[in-house]
There are 2 protein chains.
Amino acid sequence: MSVTFALMAQNRPIAIAIHGGAGDIRPDNLPPEKARVVEAFLNNLVEAAYQQLREGRTALDVVEFAVKSLEEAGYFNAGRGAVPNARGEVELDAAIMDGKTLRTGSVAAVRLAASPISLARLIMERTPHVFIVGAGADSLAQTWKLPLRNDLPNTTPEVPWSYGTVGAVALDQYGNLAAATSTGGIAHKLPGRVGDTPIIGASTYAENNLIAISTTGKGEYFIRTVLAYDIAARIKYQNLPPYQAIQKAFQDRLETIGGQGGLIAVTPTGETFTYFNTPGMYRATLNSRGEKTIGIFR
Amino acid sequence: MSVTFALMAQNRPIAIAIHGGAGDIRPDNLPPEKARVVEAFLNNLVEAAYQQLREGRTALDVVEFAVKSLEEAGYFNAGRGAVPNARGEVELDAAIMDGKTLRTGSVAAVRLAASPISLARLIMERTPHVFIVGAGADSLAQTWKLPLRNDLPNTTPEVPWSYGTVGAVALDQYGNLAAATSTGGIAHKLPGRVGDTPIIGASTYAENNLIAISTTGKGEYFIRTVLAYDIAARIKYQNLPPYQAIQKAFQDRLETIGGQGGLIAVTPTGETFTYFNTPGMYRATLNSRGEKTIGIFR
């Protein structure tokens, strides 16, 4: 009985997708040796995350782990590698969503917390709220004794200009979907500017039996079009296949107002999707059939 | 020709709905004399807003006017009457959306600006961003020389406990829909807590030829369910009549996770709707047939 269960568990679909931002990333502005380093990082991370799913960790834990790793990498505009705003200060946004319960946690304009995604997760778990910004969020990071940015060496991103976001979406053995996104936002942004990353339904959305999405791009356009939930709604209410829902949301909605960016998605059956209308997007996927993709350029 | 045009313009549908928050508002906790004062205020405001629409003002201008009036009234948990957070400080959130262009402006955790909705409108019009929080937003209010809270007498709300939000939705002669929402948030909230009010798609949403919505309630639940845009999507992708879309979004989505609150909506044909699952909601509507409703209790 327990053997059968173990065998069945192994056959339950798992899947993971990660991104390190979409933007003007082209072979002529990303030297091959840097591309190789970033590709190797994405490859190792997507395999490590997949292994965790295989071992039975939840989608929620795994997307937090993946986004935290992307924040710590220093290659991307998030966490350690975040770009400064118009006043030369780093302000970070992040969100996490559990597709099983629709529980969410978000932070924005955070300056002290080293890992905005972990702070967002704790806000979800330890407060009656789902979104806390600025000094209020940082003071929770201090109260909870989370690592602070000052404790760590910070970098500026080593890779070419992107809309500067990292994200992860996953399906676990138990059928749960989760999504997480973290960003330094747009360089030279006005202090306090919030993009789509921490906005549930704009950038980050997960609902079991439906889809998990994490976007990257010019956040203002994703907010105005409620893009992530628009895709979910097309699947749910129009019965569109996920890729068509994504394509239609971009073409009929985001692009009609001039929006640029990309996304990753995972479905309840363990399919993974990447989509972007920019020259490049740092991305890696590993689906339920064990098929892996790693990419940077179109 | 100009006469014909003027006559036609007069026949084009216009409509307005306003709210002053949903919550535990009952005849036994709201004395009749206070109820009469608030009803008279709502009645005057909905008529003034309707008159402006009749005179050709845009839906965007009229929802800003209506919400600013509700902020200034001091009766509601927004603007002048906002309730303090856990540290005894007032922090305000607001959003405005133009259904014609899908342009939006939002603020959160604002302490200085006397009218968060007008600050949100100017962020939409004068910056490349759509959402600015905290001191960054307040510093724009100072730069733009907007009235500050310190310049005005502040009050605590005189009316019974509500989820403390005000909002307006409108249809203008030109077929444009707009929505605006403003709040002091939940009393005793953690500093920096952001509710659904400034989140496009959660509380505030407007799209021409579809619907304009402003919600009020326990914001966390509206964020997690992307409630306003879920209603819009049910109309757009499932072809549901607006009232059914609202009812289904509440019953099948908001209430399954325990959400409480209400909303107002206006359609492209000038129908108005109010909906709430709390004991009461301060509300007034004036539809395209000139039918007016004013209400507080269920």
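Let me begin with A:H188, which is exposed, with a relative accessible area of 63%, where exposed means over 50%, buried under 20% and partly exposed in between, using a 1.4 Å probe and protein chains only. A:H188 sits in the loop between β6 (177-183) and β7 (204-207) of chain A, and its phi is near 65°, a positive value in a residue other than glycine. Helices (H or I, at least four residues) and strands (E, at least two) are DSSP runs, numbered from the N terminus.

Before I go on, please keep in mind that this is a predicted model, in which local features need pLDDT of at least 70 and side-chain atom pairs count only at pLDDT 80 or more, whereas totals for chains, interfaces and linings use all residues. Residues are numbered from 1 along each chain as its sequence is written, chains are lettered from A and ligands numbered from 1 in the order in which they are written, and side-chain values use heavy atoms, with hydrogens and water left out.

A second residue with positive phi is A:L102, at about 60° although it is not a glycine. A:L102 lies in the loop between β2 (92-98) and β3 (103-110) of chain A, and with a relative accessible area of 10% it is buried.

A:L102 is also among the residues touched by B:R253, contact meaning heavy atoms within 4.5 Å. Is B:R253 buried or exposed? B:R253, which belongs to helix α8 (residues 242-254) of chain B, counts as buried because its relative accessibility is 4%. Its side chain makes a polar contact of 3.1 Å with the side chain of A:E207, such a contact being a pair of N or O atoms within 3.5 Å, where within protein one must be able to donate a hydrogen and the other to accept it, and residues adjacent in sequence count only if both atoms are side-chain atoms. Within chain B, a polar atom of the B:R253 side chain lies 2.9 Å from the backbone oxygen of B:T225.

How are the chains related? A rotation of 180° with 0.0 Å of shift along its axis superposes chain A on chain B, with an RMSD of 0.0 Å, fitted by least squares on the C-alpha atoms of residues with pLDDT of at least 70 in both. That is the relation of a two-fold axis, and the same surface serves both copies, since 100% of the contact residues of chain A recur in chain B.

Note on methods:
Lists of a residue's contacts leave out its neighbours within four places in sequence.
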